[in-house]
Every structure is written in C-alpha cells, then in structure tokens.
Amino acid sequence: MSNDPYSDRVRALFDAPAHAGVLDGGFSARADDQGLRIRLSATTSNGEISALRFQAWGCPHLIAAAEAFCAGYEQRSAADLLDFSASDLMQSLAVPVEKTGRILVLEDAVRSLGCIVRETSTQLKKED
Amino acid sequence: MEHIYLDYAASTPVDAWVVEAMTALMTADGNYANPSSTHAAGRQSIAHIAHAAGQLAGLLNTDADRLIWTSGATESDNLAILGAARYRQQRGRHLITMRTEHKAVTDPFKELERQGFDVTWLNPEASGLLDGATLKAALRDDTQLVSIMHINNETGVIQDIAQLGAICRERDILFHVDAAQSAGKLPIDLSALPVDLMSMTAHKVYGPKGIGALYIADRPGVHVEPMLFGGGQQRKLRPGTLPAQQIVGFGVAAAIAQSRMSDDLKHLKALRERLWFGIRDIPGISTNGAMESAFPGILNVSIEDIEGESLLLALEPLCVATGSACNSKSQEPSYVLRALGTSDALAQSAIRFSFGRPTRAADIDIAIERYRTAVEKLRNMAPERAA
C-alpha cells in the first residue's frame with residue numbers, strides 16, 4: 001500500500017528539470033487553461049528540433065510531463081510535434097486519470113508549437 | 001537527506017516515558033488483565049486506569065469521573081455532537097458550529113442535517129476568530145448545542161472559549177469544544193470554563209494513537225446518547241474493554257504535558273518566530289489567521305503565484321501539510337482558509353508548518369532554506385501570466 005501520489009520518474013523529472021527555461025530566438029508557443037500555464041520554445045535545423053525548453057506553472061505531474069516531452073523530442077522531426085499525444089506520457093509517468101486535463105494542456109502547447117514551426121517554415125520556403 | 005518533521009499538529013512521537021509505562025501493561029510479566037475482570041489482576045488494571053484518569057483530570061482541573069475514554073478525538077467529537085443533539089432533540093433541533101471546524105466536527109453536523117436537524121454554519125472574521133456577537137445573533141429559542149474548536153488545526157487560531165461558552169451558558173445551551181489541538185498544549189481549567197463537552201486525543205501530545213477522551217460536565221441537562229452498545233463500561237456511554245495500556249499512556253503524556261507546558265510554549269514561540277523571520281521578506285508571502293491570536297506551534301503561510309502541490313513536493317524532505325483538502329486527488333483549496341476569505345489561489349499555496357518538542361533551531365534553518373529555494377525554483381520555472 002502506498003500513498004505516494006508520484007512515481008519515481010515524476011519525482012526525478014520534477015527534481016531536476018534540465019529543460020526548464022527559454023531559448024533565445026527560435027519558436028515559442030504557450031497554453032493557458034484550467035489555471036495552468038505552459039510555454040514551450042524550440043530551435044530547429046533542417047526540419048529537425050535542435051533544442052526544446054519549457055516554462056510551466058502547475059502541478060508536479062505537469063512539470064514532469066513537460067520535462068519528459070522536451071527530453072524526448074529533441075533531435076526528432078519538427079513534424080512529429082503535430083502528432084504529439086499526451087497519452088503515452090501519462091502512462092509512462094503514471095499520471096492519475098483525474099489529472100488528464102492538465103496533461104492535455106501540455107498537448108495543446110506542443111501542437112501549437114508544431115503549427116507555428118510548420119507555418120513559419122512554409123512561409124520561409126515561399127519567400128525563398 | 002533525512003526527512004525533517006514539521007507536522008506536529010498532525011501527530012507527535014510517543015514520549016519515552018509513555019512507552020515505558022505502556023509496555024509495562026502489555027507483556028507477560030506486566031499487568032495485561034482485562035480491567036473489567038474482578039480478580040486481583042483486573043483490579044490492578046483498573047487501578048492503573050484510575051490513576052491515568054487522575055493525571056488527565058489534573059491537566060484539565062476537573063474530576064476524573066467526568067472523563068469518558070474513546071478511540072480519539074474523532075470519536076469524542078462524534079459522541080459529543082451526535083450524542084448531545086439526540087439527547088436534547090425533544091427540546092429543540094437547532095445546532096450551531098463553524099465552517100472552520102475539523103471534519104470530525106463538520107461531518108457529524110452534516111449527518112444531523114440529513115436527519116432533519118437545523119444547523120447554522122458560522123463564518124469567522126478574517127483573523128480566524130469567531131466574534132461573540134456573531135454567535136449571539138445565531139442563537140435561537142430552539143438552539144441546543146454549539147460546537148467551536150479551541151485551536152484551529154490549520155491556522156492555529158485560538159478561539160476565546162471562555163467568552164463563547166459564557167454566551168451559551170446564559171441560555172442553557174450545551175457548549176462543545178474540540179480540543180484535539182489544545183489539550184496538553186494550552187492551560188485549560190474546566191472547573192472555571194463554561195464548557196459542557198470537550199474532545200481530546202493523546203497522539204497530539206506525545207501519547208499513543210488510538211486513545212482519546214470526552215469530558216462531560218456534571219451539570220443538569222448535560223448528557224449524551226451512546227453510539228456504541230455491548231457492555232456496561234463507562235456508565236454505558238462508551239462500552240467496550242478499556243485499553244489499559246493506551247489509557248495509561250495518555251495519562252503519562254498528560255502529566256508530562258502539564259509539567260512542561262510553560263517550557264513547551266516558550267520553545268514553540270521561539271521556533272515560530274525564527275521561521276517567520278526567515279521567510280517573511282519573500283515577495284507575496286502572508287500568514288493565514290492572525291498570528292497574535294494563534295497557538296505558537298503552528299505557522300500557516302500562503303504565497304502569491306505559486307502552485308501549492310508543486311511547492312509541497314519541492315519542499316521535501318520537509319514533512320509539512322498543504323492547504324489542499326488532499327494532495328493529488330483533489331486540488332480543492334482548504335475550506336478552512338476559504339472561510340477566512342482567502343482567495344482560492346492563495347489557499348491552494350498554503351503550507352502549514354507545525355513544531356514540537358523535538359524540533360531544533362537547525363531544523364527551522366533548513367526549513368527556511370528549503371522554502372526560499374523552492375519558491376525561487378518554481379517562480380523561475382513559471383512563464384509570466386498572459387497579458
């Protein structure tokens with residue numbers, strides 16, 4: 001029997017959020033919902049995500065999820081952002097089902113970031 | 001890092017003298033007899049219980065035969081509230097309590113509401129104190145019971161039970177006090193206080209868990225209907241085999257509390273001041289409940305623009321309490337703090353630090369450092385609010 005609401009992974013990610021912060025330049029997107037705030041920033045190179053950072057105001061699960069997302073999506077195709085789904089993260093972090101809404105705020109922010117990256121890239125190609 | 005326990009309002013360690021006294025009643029070479037037995041060992045066991053009752057009665061300056069042993073403050077509250085309301089229901093079915101009471105009080109009142117009783121829920125002032133005029137205004141001809149806690153478990157605010165009790169006594173209304181946080185911590189003189197029923201527990205004052213008591217004044221009209229049936233113990237008000245070792249533990253804890261109370265209070269006051277002086281300059285911090293009216297063993301603080309659940313986790317290895325109803329399953333801010341007029345956001349960030357005899361100044365210094373670091377970390381991590 002355990003009354004610890006956090007998995008070991010959530011604790012580790014929350015304790016040492018290596019990707020907390022803001023990247024100068026690049027792209028950024030934010031989502032504000034349910035009293036939560038999350039901002040993501042990214043730099044890309046040749047369609048690939050070079051670096052990701054997050055800022056978050058919310059519960060430990062949200063912060064851990066944001067850190068896990070950033071760590072997992074660097075060096076991946078920027079197009080993958082548009083397909084991001086929070087469900088895998090929720091499972092791997094053992095996020096309680098009642099917090100689903102909070103993690104969906106992260107999903108909104110990631111997809112917004114994906115849209116911004118795509119639109120900006122399309123714009124740049126047209127200008128070329 | 002070892003945890004640093006600053007949650008003494010939730011529970012305390014059992015004093016070594018208490019453990020020794022209890023152990024002597026549990027082992028084969030001790031006196032483990034059933035206190036209801038009439039043989040020599042049983043009579044010896046009941047003598048131990050009588051001695052413990054005298055110790056607790058001494059702490060409260062009352063007669064030992066006014067005390068009923070229970071499993072703890074929750075049971076005492078239930079027995080007092082449900083029992084008194086039912087006993088007096090032929091005279092009237094109006095009851096009064098506060099919105100800032102512990103669940104052990106609010107839930108029995110809600111149950112009585114379901115049974116058709118009429119309950120008035122009073123709000124405190126912003127300080128956490130109940131104004132006597134507010135209580136007076138709520139009294140009706142059919143009011144039978146008023147229940148007000150002594151020290152609030154979240155804010156530490158101390159109600160003026162002498163004044164509130166006097167208002168009730170003028171109208172012959174029963175006055176119940178939940179003293180779970182105060183018995184053994186503040187001077188209580190039941191020979192002078194206009195209190196009819198008082199709930200208390202051992203584990204908040206370095207006694208064992210699982211034992212409490214209910215004081216029932218020796219006054220006409222003061223009585224409770226029992227909730228348990230099955231034996232004749234304790235004047236049939238709370239039957240069941242008396243747990244002699246628990247009761248003896250409570251008695252010893254009460255005696256120690258009585259002898260150390262003045263020193264304990266000085267110690268707690270110094271610790272609270274040390275902590276508050278160490279964090280009070282953090283922008284956006286505030287105390288919940290008026291400190292000048294509060295028990296020094298509790299400091300409850302809120303802070304602007306900090307998420308409470310993350311703050312609680314970032315404070316580890318400090319063992320403190322949050323202002324939320326419970327941690328991850330509900331982010332409902334504390335109903336106690338909301339009743340004080342605290343905003344949801346501030347209530348949600350509330351942290352209750354509570355201190356005890358083992359707490360050292362060095363523990364407080366670590367708490368100061370952890371709190372400051374946690375707030376800085378979370379603020380640095382948060383995006384600015386949207387314009």
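**Chain contact and core**

Analyst: This is a predicted model. Start where the chains meet: 12 residues of chain B are in contact with 18 residues of chain A. On the chain B side, helix H8 (residues 308–314) gives the most, with 3 residues. That side of chain B divides into 5 nonpolar, 3 polar and 4 charged residues.

The largest nonpolar core has 157 residues. Those touching the most other members are Ile38(A), Leu62(A), Ala65(A), Ala66(A), Leu106(A), Leu56(B) and Ala253(B). Helix H7 of chain B (residues 244–279) supplies the largest share of this core, 13 residues. Domain 1 (4–10 + 261–380) and domain 2 (16–256) of chain B both give residues to the core, so it lies between them.

Take Ile38(A) from that list. Beyond its neighbours within four places in sequence, Ile38(A) is in contact with residues including Phe54(A), Leu62(A), Ala66(A), Val105(A) and Leu106(A).

Check the length of H2(B), residues 40–60. At 1.5 Å a residue, its 21 residues should span 30 Å; the end C-alpha atoms are 30 Å apart, which agrees. Just after H2(B), Asn61(B) takes a positive phi of about 50 degrees.

Terms used. Residues numbered from 1 in each chain as written. Chains lettered and ligands numbered in written order. Predicted model: local features only at pLDDT ≥ 70, side-chain atom pairs only at ≥ 80, totals over all residues. Core = buried A, V, L, I, M, F, W, Y, C linked by C-beta atoms within 7 Å. Buried ≥ 20, exposed ≤ 12 C-beta atoms within 10 Å, placed from the backbone. Helix = DSSP H or I, 4+ residues; strand = E, 2+ residues; numbered from the N terminus. Domains from an automatic or database assignment. Contact = placed C-beta atoms within 7 Å. Nonpolar A, V, L, I, M, F, W, Y, C, P; charged D, E, K, R; others polar. Expected span 1.5 Å × (residues − 1).
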